[in-house]
Each structure stands twice: as structure tokens, then as C-alpha cells.
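Subject: The structure you asked about

Hi,

Have a look at it first, and then read my notes below.

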Amino acid sequence: MKKKVVVVMLCAMMAVTALGCGNKKNNAIEGTEAAEAVNSTENAESTSAVEYESLSYDLNPSDYVTLCDYSKVPVTITGDYDVDDQDAKDYFEQMFSYYGPFYVADDTKTTVGEGDIVNVDYVGKLDGEAFDNGSAEDQNIDVDNNCSAGSQSSSFIDGFTDDLKGASVGDVIDSDVTFPDNYGNADLAGKQVVFTFTVNSIQKEMTLDDVDDEFAQKQFQADTVDDMYAQIKTFLENTASSNKDSDTYAAVQQYLLDNCKVDIPEDYLTARVNDYEKQFVQNNCDGDDSKLEDYVSKQYNMTLDEVRQEWRSGMEKNISMEFITGAIAEKEGTELDEDGFSSYVQTLMSSNNFSSEEDLYKNYGYGDAAYGEKYLRQIYVDNLALQSVKDNAEVTVEAPAETESTESAEPQEAVDATETEAAN
């Protein structure tokens, strides 16, 4: 499947890690908008031994751009960005099916029979003393398969659930179990322990009709079912807003690329492409040029010439956007605010696990912190200019030809799963 070249300036913060994976033809160009970035601090340090050509250039974007009228850019985006109560319910049903089965107490059963799921509390003791990670509460267990309910595979040590068979609700049962000799915890390997089970209930698989406030509290940390649906709706609204924003940025950038005239100096384009290749070799081929052809063949199913052509095409679009937004920033007098830039830097550090600003700057500056800081400052200002164009755009929204199903993406705390070491 052919991927489009991404030229979103707001994503310039992203490193080129996408280039180190994948095996589909034409994946090789993904992420060229971050051609200045390397994958890690370690790689940034290694670039000091490589001579990069583009660091010596100091070009004024306005010298190479004839801007179009960008005051009210007309763009059309396609998507369904509206969210209603039914969307929240539909999304919950998808989540309920995907993350299920869920269970609720079956008041018609009092004795554990074949195929039953049992809710228990248990405490594991060695020589009469409870051991670490050997206790748990409110656990649904598949007795027949000796595993957590829904796991569909044996995950507990042999014999863990044997004495629960035939037990009644309310029973407290001591079960002798011996850990295998090769058990990962040396303090328990080969030892006989006692698990004391309290049988709370026999469970049945939930249906949507069984969803109640208790379920909402346990799975969503919401007080009521209505609160749960409100939480889901808010999540979907935020997602839709983000998608609309992203689609608008992409459309605005494409309009600028189509309607502004950019004359990129050939030597600068070549330098950027060459530097990108050098960086790629550092990140993916241990700095060994001789490995590049074999690497791109295996990873992307492309020849080296094809990859270089893709890199050049992507870099040309990327530089064009840099020049266009830079020229707009200069024309509009867009200025960098230090507080905003500091917040931007902190976000980059946090999202990419950098321990210091210097490491971050080296990452975006081929090992040169000063160059990296200058680059990120310019990208930040360019992004402010692009945001202004986007905010003033005349956006037409068209409905998609066919309604697409909502992708499975859940609020982070939607499902609460608990495991203990000793039982596994």
C-alpha cells in the first residue's frame, strides 16, 4: 500500500524512528519532515564523527518564496466530526465486545460446577506467613481451565484451582499447592504453600443489559452509567476535534504547496538529502554505507535508487513547507515567545524521553546543540505562522461517502485487570 509523504510542520518534532521499521514498498519516506532529527541521544553523539553539509547553510526563506494569498485559505475536508449520544453508546458496545467477556454474580448458583467462573479472594502462605504477591481480591477464575476468566489458557500453577471444584458460595478453603522447581521466584521454587480461598460468588457472563453503576465505577471510575457514557462522549468529541484539526492543517498545507511558488537552491536540497541519508545510515546501518542497499531492499522492498528518489521528493516538499511558513512568519512579524517555546521544548523532552535540553538539541542538530536549538526555534515560529493561517482558513466540511466504523481506542482506565505473581 503506497503511503503519502507527510509534510505536516506541526509534526516536525517527531524523530525518524518510522524509517527504521516496516517492510512495505514506499514506507521509506515516512517522516522526512523531521530530517534533522536522529533516533536517540546515543545516536546524536555518534553523529559528531560524520560531516553534515546542511549545517553550513543560513538561508532566508523569503528569498526563495513567492507567497499566494493566504489570508483566508479555502479548503475542503472530508469527515464526520460530530458526536452524539448514539455514537457514545455504539462505541461502548464495541469496547464491551472487544475487552469482554465481563462477569456478574449469578444468584441462581451456589455450588461450583463444570465450566463455572468463580469470584474469589485468596491469600498465599508459606510456612504460615503470607508471601509477597501471593494475595488478591475480587478475582474471576475459570476453575476448569486453571486460569483467569477470559484468558483461554492455563496461567496458574498446577493444582491452583483444584479444590474450588464443588465448593459453595461463602466457603473458605485451604488448598495445598506446590510451586514447580523451575519457578522464577527462587524463594518459592519447589515449595509447598497454602492458598486460602474465600468463595464470593459464581459468575455469569454479562450482557449489555447487565451494565449498571457498579460496572461503570469499576471499569470507568465513573459514578453512574450516565457518567460513563458522558465520559465516552467527551473522549469521542476530543478525538473528533483532534482529527478535524489535523485534517484542516493537512489541507491548508497542501493548498500552500499548490499555490505558493518555491525555488529551492539545488545545492541546498542535495545537501539536505545527503545529510538525511547519512543520518539514516547512522541510525539503521551502524554507520556502514555498504549495508544501506541491503537494508532498504529487505525493509522496504525497494532499490537504493528508488529510496533515494523517494527521499528527494519528500525532502523537497518538506523544505518547501519550511520556506513557505518561514516566509509567512517573516511577513507577519511572527515572534517567538520564550514561555511558549520553553513549554514546546519540555513537551518534546517528555514525549521523546530526553533528560536534558542539550540532549534534545543535539538530537535535532546532528550532534550540534546550537544548530538543533536554532532549528527548533525556527520550527516553533513557523508553526505559529501556520497555525494563524489555519485559524483564518475558510473550511468546508464534506460528509464521507460511507460512514466508517469508529476505531477501537479506549479511555486509558476503561478496563481494570489485576494479576498476582504467585498464582501465575
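Let me start with a question: is Cys260 buried or exposed? Cys260 is buried, with a relative accessible area of 8%. Please keep in mind throughout that this is a predicted model.

**Cysteines**

A disulfide is a covalent bond between the sulfur atoms of two cysteines. For Cys260, the closest cysteine sulfur belongs to Cys68 and is 3.4 Å away, which is too far for a bond; the cut-off used here is 2.5 Å. Another cysteine, Cys285, is buried as well, at 1% relative accessibility.

**The chain as a whole**

There are ten helices and ten strands in the chain. Of its 424 residues, 41% are buried. The accessible surface comes to about 22,300 Å², and carbon and sulfur atoms account for 41% of that surface. If you take the contacts with a separation of 6 or more, 72% of them are between residues 24 or more positions apart.

**Asn119 and its polar partners**

Asn119 sits in strand 4, which covers residues 117–126. With a relative accessibility of 5%, Asn119 is buried. Its side chain makes a polar contact of 2.7 Å with the side chain of Asp138, and there is another polar contact, at 2.9 Å, between the side chains of Asn119 and Asn140. Setting aside neighbours within four places in sequence, the residues in contact with Asn119 also include Gln139, Thr198, Val199, Asn200, Ser201 and Gln203.

**Helices**

Helix 3 runs over residues 213–220, and its buried residues are Phe215, Ala216, Gln219 and Phe220. Looking down the axis of helix 3, these buried residues fall within an arc of 100 degrees, so they line one face of the helix. What do they pack against? Their partners are helix 2 (85–99) and helix 4 (225–259).

Helix 9 (residues 357–364) is largely enclosed by the rest of the structure, because six of its eight residues are buried. Those six are Asp359, Leu360, Tyr361, Lys362, Asn363 and Tyr364. Helix 9 is followed by Tyr366, and the phi of Tyr366 is positive, near 55 degrees.

In helix 7 (residues 304–332) you will find Ile319, which is buried at a relative accessible area of 0%. Leaving out neighbours within four places in sequence, Ile319 is in contact with Ile264, Tyr268, Leu269 and Arg272. Ile319 and Tyr268 are 51 residues apart along the chain, with 9.5 Å between their C-alpha atoms.

**Aromatics**

A search of the whole structure turned up 32 aromatic pairs. One of them is Phe195 with Phe197, a tilted pair at 6.4 Å centre to centre with 35 degrees between the planes. Phe195 and Phe197 are both buried. Another is Phe280 with Trp311: the ring centres are 5.0 Å apart and the planes are at 55 degrees, so this pair is tilted. It links distant parts of the chain, with Phe280 in helix 5 (residues 266–284) and Trp311 in helix 7, 31 residues apart. Phe280 and Trp311 are both buried.

There is also an aromatic cluster made up of Tyr122, Phe131, Phe156, Phe160, Phe179, Tyr183, Phe195 and Phe197.

Most residues other than glycine have a negative phi, and most peptide bonds are trans. With that in mind, here are some places to check in the backbone.

- Gly100 and Pro101 are joined by a cis peptide bond, with omega at about 5 degrees. Pro101 lies in the loop between helix 2 and strand 3 (103–105).
- Asp127 is not a glycine, yet its phi is positive at about 55 degrees. Asp127 belongs to the loop between strand 4 and strand 5 (129–142) and is exposed, with 73% relative accessibility.
- Asn133 also has a positive phi, near 60 degrees. Asn133 is in strand 5 and counts as partly exposed, at 46% relative accessibility.

Cheers

Terms used
Residues numbered from 1 in each chain as written. Predicted model: local features only at pLDDT ≥ 70, side-chain atom pairs only at ≥ 80, totals over all residues. Heavy atoms only, no water. Buried < 20%, exposed > 50% of the residue type's maximum accessible area, 1.4 Å probe, protein only. Helix = DSSP H or I, 4+ residues; strand = E, 2+ residues; numbered from the N terminus. Polar contact = N/O pair within 3.5 Å; in protein donor to acceptor, adjacent residues only side chain to side chain. Contact = heavy atoms within 4.5 Å. Areas by Shrake-Rupley, 256 points an atom, 1.4 Å probe, with all protein chains shown as cover. Phe/Tyr/Trp six-rings, centres within 6.5 Å; stacked < 30°, edge-to-face > 60°. Arc of directions from axis to C-beta.
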